[in-house]
Amino acid sequence: MTPSPSSPRPDGGNLPQPMRLGGHDVLFVMAAEAEYGPHLRQRFTPLMTGVGPVEAAVELTAALAALAGQGRLPALVVSLGSAGSRMLEQTEVYQASSVAYRDMDATALGFDQGVTPFLDLPATLPLPLRIPGIREATLSTGANIVSGAAYDAIAAEMVDMESYACLRACARFQVPLVALRGISDGKAELHHVNDWTEYLHVIDEKLAAAVDRLGEALAAGLLTP
């Protein structure tokens, strides 16, 4: 696999184009350059959104709108990067089976925790596509870094800062999403950015293997967007 070319964006940057993977057009989305190591760089050029749900929603929505205008909407969006967990195996890669938005709290108005008012969606949204051979875990998205006792308030098995936003953007364009996350931290309290980046080189290699497995599944018709 070779990275796909980019086309000009209205803001003067480059818009990564979907790449052909297993006979389908796939757009890869990441948040931070620190997660985009040499193994992933050999496989694709991602849309880099920046960190957090706001940046992910803004950048992916803008990218999908631009691609729709070109008649090049992808068959699949893949959000990938790191996640925290105090119960899953560190440095291992998991595919999200569902995602919740932990920032939303309208309970004072009588809504359930995590439910966005008037949106008519449950607090936890399923991600139905599965890549054979990759372990599954539930995912919670929010704007905060979760560490230590903060995990007590989260029911999901792992946490990130972008996937729910990516899912909502994809839903707007009726494009399915797969979320792949490597567990970078969570067993111990976070005190410095190095606590997050320490094992990203291991996760980079394992995420690259997961992308290869995704391509095989697409080619074999085992995962059909």
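Visitor: Which residues is Thr107 in contact with, leaving aside its neighbours within four places in sequence?

Guide: Contact means heavy atoms within 4.5 Å. By that rule, Thr107 touches Asp112 and Gln113. Thr107 sits in the loop between strand E7 (93-101) and strand E8 (124-126). Pro117 is 10 residues from Thr107 in sequence, and their C-alpha atoms are 9.7 Å apart.

Visitor: How should I treat such values?

Guide: This is a predicted model, where local features need pLDDT of at least 70 and side-chain atom pairs count only at pLDDT 80 or more, while totals for chains, interfaces and linings use all residues. Residues are numbered from 1 along each chain as its sequence is written, and side-chain values use heavy atoms, with hydrogens and water left out.

Visitor: Is Thr107 buried, exposed or partly exposed?

Guide: Buried means under 20% relative accessible area, exposed means over 50%, and partly exposed lies in between (1.4 Å probe, protein chains only). Thr107 has 40% relative accessibility, so it counts as partly exposed. Phe118 is in the loop between E7 and E8 too. At 79%, Phe118 counts as exposed.

Visitor: What is the phi of Phe118?

Guide: Here is the general idea. Most residues other than glycine have a negative phi. Phe118 has a positive phi of about 65°, although it is not a glycine. Gln174 has a positive phi as well, about 55°, and is not a glycine either. Gln174 lies in the loop between H3 and strand E11 (177-185), just after H3. With 76% relative accessibility, Gln174 counts as exposed.

Visitor: How many helices and strands are there in the chain?

Guide: Helices (H or I, at least four residues) and strands (E, at least two) are DSSP runs, numbered from the N terminus. The chain has 5 helices and 11 strands. Of its 225 residues, 50% are buried.

Visitor: How are H2 and H3 placed?

Guide: Two packed helices are described by the angle between their axes and the distance between the axes. Axes are lines fitted to C-alpha atoms, for helices over the stretch in contact, and angles run from 0 to 180 degrees between N-to-C directions. Helix H2 (residues 53-69) and helix H3 (residues 163-172) have axes that come within 8 Å and cross at roughly 25°. Angles under 35 degrees count as roughly parallel, over 145 as roughly antiparallel, 65 to 115 as roughly perpendicular and the rest as oblique. H2 and H3 are therefore roughly parallel to each other.

Visitor: Which residues in H2 and H3 meet?

Guide: From H2 come Pro53, Ala56, Ala57, Leu60, Thr61 and Leu64. They meet Ala165, Cys166, Ala169 and Cys170 in H3. Look at Ala165, which is found in helix H3. Beyond its neighbours within four places in sequence, Ala165 contacts Pro53, Ala56 and Ala57. Ala165 and Ala56 are 109 residues apart in sequence, but 6.0 Å apart C-alpha to C-alpha.

Visitor: Why is H3 called largely enclosed?

Guide: Count its buried residues. They are 7 of the 10 in H3, so the rest of the structure largely encloses this helix. The list is Ser163, Tyr164, Ala165, Cys166, Leu167, Ala169 and Cys170. Ala165 has a relative accessible area of 7%.

Visitor: What span does helix H5 reach?

Guide: The expected span of a helix is 1.5 Å times one less than its number of residues. H5 (residues 200-219) has 20 residues and reaches 28 Å from its first C-alpha to its last, close to the 28 Å expected. Its buried residues include Leu200, Ile203, Leu207 and Val211. Just after H5, Gly221 takes a positive phi of about 75°.

Visitor: Which strands hold Asp25 and Arg181?

Guide: Asp25 lies in strand E4 (residues 24-30). Its C-alpha is 5.0 Å from that of Pro74, 49 residues apart along the chain. Apart from neighbours within four places in sequence, Asp25 contacts Pro18, Met19, Arg20, Arg72, Pro74, Ala75 and Leu76. Arg181 lies in strand E11. At 1% relative accessibility, Arg181 counts as buried.

Visitor: What share of contacts in the chain joins residues at least 24 apart?

Guide: Take contacts between residues at least 6 apart in sequence. Of these, 71% join residues at least 24 apart.
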